[in-house]
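Here are my notes on a few residues in this model. Please read them with the structure open.

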Amino acid sequence: MVEKQYNANLRDYNTFGIDASCRCMCRYETHRDLSELYAEGIFEGKWNVISGGSNILFNGDYDGTLVHPASGEIVTLTSGSGTVKLRADAGVVWDDFVEYCVRHGYWGAENLSYIPGYVGASPVQNIGAYGVEAKDIIDSVELFCVENGTKLILAAGHCGFGYRTSIFKTTLKGKVIITAANFVLKTEPDPRLGYGDLRDAVDRLGGASLENIRKAVTDIRKSKLPEPSELGNAGSFFKNPVVGEDIVERLKKEYPEMPVYPSGDPGKVKLAAGWLIDAAGWKGRKLGLAGVHEKQALVLVNLGGATGRDIIELAKAVTDNVASKFGVELESEVNIF
Ligand code: EPU
């Protein structure tokens with residue numbers, strides 16, 4: 001059943017804690033609900049999907065309809081030969097999904113522990129952490145097509161997954177609603193501990209069990225990233241920029257300590273946006289009611305009562321400063337509505 005709320009307040013629907021409203025909030029559960037909204041012509045007007053709101057910044061009130069997935073079921077589709085296939089509704093809280101996998105002994109999602117948001121958003125951003133991305137475990141994505149009201153299933157190979165991007169941010173943006181994702185996980189141990197200090201943290205907890213990896217990742221994230229309930233934020237505000245090797249050569253001469261990572265793209269290298277922002281002197285700085293987090297310069301925070309515009313102004317000041325100091329353009333990871 002579709003539940004509609006007019007002039008809905010969005011403060012609880014965005015982890016930045018921005019006080020804004022939308023014309024109508026539609027909470028849906030099934031494909032049939034979406035078909036109803038389609039028949040009403042909702043998708044012919046201004047609309048968007050909001051799930052956990054952990055990667056969204058509202059720049060003022062939203063003059064349209066927001067569609068929110070309210071169903072949260074996880075079911076086993078198949079199992080055998082060392083793998084299990086699970087289907088999770090778009091409305092499942094991402095970390096509940098990870099916890100479910102860990103509890104059942106399924107390997108693959110544990111490095112993605114404690115990432116805020118819902119399952120439905122995981123393919124859009126191709127969320128990633130500690131050397132694993134959602135694309136590594138996504139088998140296919142179930143969609144509702146708002147152009148003709150039909151149901152589609154897109155295999156992972158057709159989802160255009162890249163670093164924090166997918167076809168849902170490009171070609172299919174505004175054309176589909178993700179209703180569920182299907183994941184393939186392993187039933188045999190497959191720890192991936194190569195990223196940063198994860199191995200040491202897991203060893204300190206007593207070895208590479210699913211529970212220990214989940215705890216180590218959760219602890220690292222909690223130590224670096226602010227809790228949205230205490231300090232509004234959307235995790236990394238910026239993507240790590242991918243640049244040509246010539247730029248890296250130039251920067252390395254002046255900043256030999258600058259971290260660089262392989263990008264997976266020949267001739268290109270990934271820089272750490274957090275390092276660039278920190279080195280430009282922005283860590284812990286405030287601009288009005290918006291600030292750069294004091295422990296992690298990648299994260300912009302609402303110091304209390306900030307508007308979307310306040311955050312955008314800070315993001316612009318940071319971006320301009322990093323561009324003039326290093327000649328590198330930062331790009332927002334957060335979607336601005
Ligand atoms: N750094 C600084 N100062 C800072 C922040 C970072 O010098 O204020 C340096 C660090 O010392 C390190 C480098 O920059 O050498 C990278 O920093 P870090 O490992 O903290 O962050 P990251 O690897 O760039 C990415 C994701 C995070 C994810 C972590 C762990 C992006 C934009 N961010 O951060 O994702 O949790 O890796 O895998 O890719 C998110 O998307 O919301 C998010 C938190």
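1. Leucine 303 is partly exposed, because its relative accessible area of 35% falls between the limits for buried (under 20%) and exposed (over 50%), taken with a 1.4 Å probe on protein chains only. This is a predicted model, where local features need pLDDT of at least 70, side-chain atom pairs count only at pLDDT 80 or more, and totals for chains, interfaces and linings use all residues. Residues are numbered from 1 along each chain as its sequence is written, and side-chain values use heavy atoms, with hydrogens and water left out.

2. Leucine 303 sits in the loop between strand E19 (299-302) and helix H8 (308-326). Helices (H or I, at least four residues) and strands (E, at least two) are DSSP runs, numbered from the N terminus.

3. Look next at the partners of leucine 303. Setting aside neighbours within four places in sequence, leucine 303 is in contact with Leu231, Lys286, Gly288, Leu289, Ala290 and Gly291. Contact means heavy atoms within 4.5 Å.

4. Now the backbone. Asparagine 7 has a positive phi, near 50°, and is not a glycine. Asparagine 7 belongs to strand E1 (residues 3-9). Asparagine 7 counts as exposed because its relative accessibility is 62%.

5. Tyrosine 130 also has a positive phi near 50° and is a residue other than glycine. Tyrosine 130 lies in the loop between strand E8 (128-129) and strand E9 (132-133). Its relative accessible area is 11%, so tyrosine 130 is buried.

6. For context, most residues other than glycine have a negative phi.
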